[in-house]
Amino acid sequence: MDILLGSIASGILLGMVLSLVALGLTVIFGLMDIVNFAHGEFLMIGMYTGLLTAQATGLDPLLTLPLAAGIGFLLGVLCYGGFVKYLLRGPMIAQLLGTFGLMLVLRNIALLFFGSEDRALHHGLLVGKSFDVGMGIIISATKLAVAVLAVLSFVGVWLLMNRTKLGKALTATALNRQGARYMGIPTERMNALAWGIGGATVTIAGALIVNFWSVNPYVGLIFTMIAFTVVALGGFGSVPGAFFAGLVVGFIMEIPGFWDFFAITFNISWMDAVPMTSFKYTWIYVSYFVIMLISPRGLFGWKQ
Amino acid sequence: MRRSLKCARLLMGITLLTALACTGAVMAEEIKIGVLFPLTGGAAAAGRELRSGAELALDIANNAMPDINMTMAKNVGIKSMGGAKITLIFKDHEGNPTLGADLAKKLILDDKVHGLMGAYHSSVTKAVSAVAEQYGIPLINDSSTSPELTKQGYKWFWRTTPHDVYFTKDLFEFLKGMTEGKVKGLAAVPKKDITNLASACEKTEWGAAVSELIEKFGKDYGFEVKKSILYAAKATDLSSEVRSLIAVKPDAMLFASYTSDAILMMKTLKDQKAAPKLLWGQNAGFEVPEFVSTLGDTTVGSLTRTVFIPKIAQVKPVAAKINAMYKAKTGNDLSGASARSFTGLQAWVHVLEKAGSVKPADIQKAANAIEIPGDELVVPWQGIKFAASGEDIGQNTLGMGLIGQYQKAADGKIDLEIVYPFNVATANMIYPFPKF
């Protein structure tokens with residue numbers, strides 16, 4: 001029973017981490033119809049920002065979050081103003097290949113400056129701390145912090161989109177750019193803002209994630225893949241969808257734990273022999289494939 | 001008559017010289033050895049160690065250092081080739097077998113190397129050994145321990161380090177010794193206290209082989225392997241793996257991990273409050289300096305198999321001398337990685353000296369015939385002698401391993417102490433493993 005409860009708790013926490021990673025991707029898609037392949041690289045930059053700032057200044061990694069958010073916002077705005085704006089004039093394929101190119105550029109810049117070695121944070125207020133709540137549930141302080149941040153970010157973005165004038169302007173731009181411009185909405189600025197929000201949410205996630213996972217310039221790829229699965233499952237462009245889909249993917253990553261639970265509880269020896277952990281990431285891609293096959297619109301549907 | 005005799009002598013002289021030049025016995029000015037190590041990527045820390053070890057051996061081989069008690073230190077360069085010096089061409093394979101094979105081809109075809117060394121990751125070494133075999137270029141492997149590598153029947157592959165069959169057997173001999181009260185400072189532990197084992201190994205060539213060996217020897221020695229996990233060394237999160245290990249309540253946890261995953265594994269074990277009585281790592285990530293510098297006190301009490309522990313210097317003067325030189329150069333003590341790359345290059349020097357030529361066939365013949373005595377080596381082996389035939393062809397038959405335990409000295413420094421072989425143990429063993 002311990003392993004079941006432990007896996008559920010871990011799945012929820014991991015799911016919230018993943019939904020925070022995917023938030024920026026779904027925001028940018030929801031508002032601009034652009035699939036940002038460089039999303040994982042934004043996360044990688046957030047991770048490096050947190051790590052290097054904490055190491056250089058001796059500050060606790062948690063205090064680097066505002067800086068990471070600022071850098072992410074700037075990066076998003078710069079990418080839009082200096083690059084994506086021009087891609088929008090081309091066909092869809094240009095946008096796809098363009099952000100793919102952006103991914104390669106960012107990754108190689110990181111390689112140039114930081115080298116390809118894994119780096120990790122080893123000191124900090126939350127690093128290495130965990131709470132044993134009993135019944136096999138052990139909660140890591142760093143992951144709990146990311147989960148709290150995820151909830152705050154999702155609520156924040158949802159409130160911004162649905163309860164503020166700015167959100168209305170962003171939605172109006174997304175729905176009908178020309179119409180919005182006639183109404184006096186500075187659409188270019190709205191698009192840049194969308195990229196800024198997308199960038200800030202993912203870099204802030206990165207700066208927190210680096211408290212428990214190590215970073216190298218290639219780390220973005222696996223997160224991009226996971227974020228795509230989350231967003232596809234939740235429905236491209238849907239903010240609440242990304243949150244719940246993140247939780248589902250978190251549980252998918254805990255399949256080996258659930259498998260162990262059945263194997264141990266019911267003493268099924270053949271289950272014990274299956275190397276489930278070797279295929280941990282496979283299930284995510286399998287589920288991505290299945291979602292695309294049976295429900296291309298995801299759980300919450302595409303934005304209308 | 002006399003004139004024709006003179007002519008004949010002259011002709012003979014010219015023929016002899018030409019023949020000598022053709023066989024390559026006349027000095028080659030430079031002997032090029034391509035060295036493939038993971039200089040970047042997850043195992044970069046080990047790669048740096050490996051490189052520094054090989055460079056130190058190169059320095060000793062190319063210069064005369066008579067105060068070091070090693071044959072290669074006596075001469076400048078390779079004496080049998082007129083003092084030809086060795087050049088190492090380092091390439092970074094990033095732990096990627098495909099890249100390793102490509103780089104090996106490049107070294108052979110473009111750089112025209114006379115031999116190869118490397119490549120640490122068994123998976124990369126496997127790919128590189130296939131290339132070396134294809135082109136007929138000798139490859140001496142210094143630090144890959146998958147038993148499979150010497151079971152391929154290759155004619156151009158030799159391995160100085162003992163492989164995982166030796167090391168894993170050592171582990172079970174050690175566990176058996178624990179139950180028999182042979183461990184220094186520890187009364188016999190009842191077998192039921194350490195009978196349940198669980199292993200987590202990275203899933204490439206090396207880790208998968210170790211995992212199988214643990215199951216095999218576990219059965220042979222009467223232990224129960226409750227769980228064997230294979231995981232991706234590049235995984236970002238190992239919490240489900242660790243939970244899976246903890247679920248079977250193992251007495252001992254056994255690992256085969258590279259650098260970054262070994263560190264992540266220890267952090268996750270700590271996070272999940274794992275409480276094994278024994279924690280053992282199959283070298284690699286568990287013995288690079290970063291393991292201790294990153295994790296600090298968390299490592300105290302964990303065991304690792306290795307081939308070099310600085311304490312060996314107490315019983316081996318040549319190891320003390322080389323370790324001091326290495327420390328002056330890098331600031332670190334020799335580790336299992338650097339000591340083995342040092343020894344790998346040392347083997348190369350002996351092979352070249354015996355071959356007296358850079359022709360692959362001569363090198364092959366020499367490698368199959370050399371015998372380096374144990375007292376010339378920094379590692380505690382009986383020597384180096386390659387099996388020239390049989391099932392384990394190319395394997396050094398005189399190697400052996402050590403098991404070390406991280407312990408904290410009075411000055412707060414964490415060092416490896418020898419706990420196996422029992423007769424050379426340097427400290428009392430800490431048992432059970434302290435709680436995280």
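Helices (H or I, at least four residues) and strands (E, at least two) are DSSP runs, numbered from the N terminus. Axes are lines fitted to C-alpha atoms, for helices over the stretch in contact, and angles run from 0 to 180 degrees between N-to-C directions.

This is a predicted model: local features need pLDDT of at least 70, side-chain atom pairs count only at pLDDT 80 or more, and totals for chains, interfaces and linings use all residues. Residues are numbered from 1 along each chain as its sequence is written, while chains are lettered from A and ligands numbered from 1 in the order in which they are written.

**Exercise 1. Describe how α3 and α8 of chain A pack.**

Step 1. Locate the helices: α3(A) covers residues 65-87 and α8(A) covers residues 187-209.
Step 2. Take the geometry. The angle is about 140° and the axes lie 6 Å apart.
Step 3. Sort the contact residues. There are 17 nonpolar, nine polar and no charged. Here Ala, Val, Leu, Ile, Met, Phe, Trp, Tyr, Cys and Pro count as nonpolar, Asp, Glu, Lys and Arg as charged, and the others, Gly among them, as polar.

**Exercise 2. Compare the radius of gyration of chain A with that of a compact globule.**

Step 1. The radius is taken over C-alpha atoms, and the globule rule is 2.2 Å times the number of residues to the power 0.38.
Step 2. For 304 residues the rule gives a value near 19 Å; chain A has 20 Å, which agrees.

**Exercise 3. Work out the strand order of the open sheet in chain B.**

Step 1. Two strands pair if DSSP finds at least two bridges between them.
Step 2. Five strands then line up as β2-β1-β3-β4-β5, with parallel pairing.
Step 3. Find the edges. β2 (85-92) and β5 (157-159) of chain B each have a single partner strand, so one side of each lacks a neighbour in the sheet.
Step 4. Check one pair. Three bridges join β4(B), residues 139-141, to β5(B). B:Leu139 has B:Phe157 as its bridge partner in β5(B).

**Exercise 4. Characterise the side of chain B that touches chain A.**

Step 1. Count: 26 residues of chain B are in contact with 29 of chain A. Contact means C-beta atoms, placed from the backbone, within 7 Å.
Step 2. Name contributors: β7 (224-231), α8 (239-247) and α9 (259-271) of chain B each supply at least two residues of this side.
Step 3. Classify: this side of chain B has seven nonpolar, 10 polar and nine charged residues.

Key:
Two residues are in contact if their C-beta atoms, placed from the backbone, lie within 7 Å.
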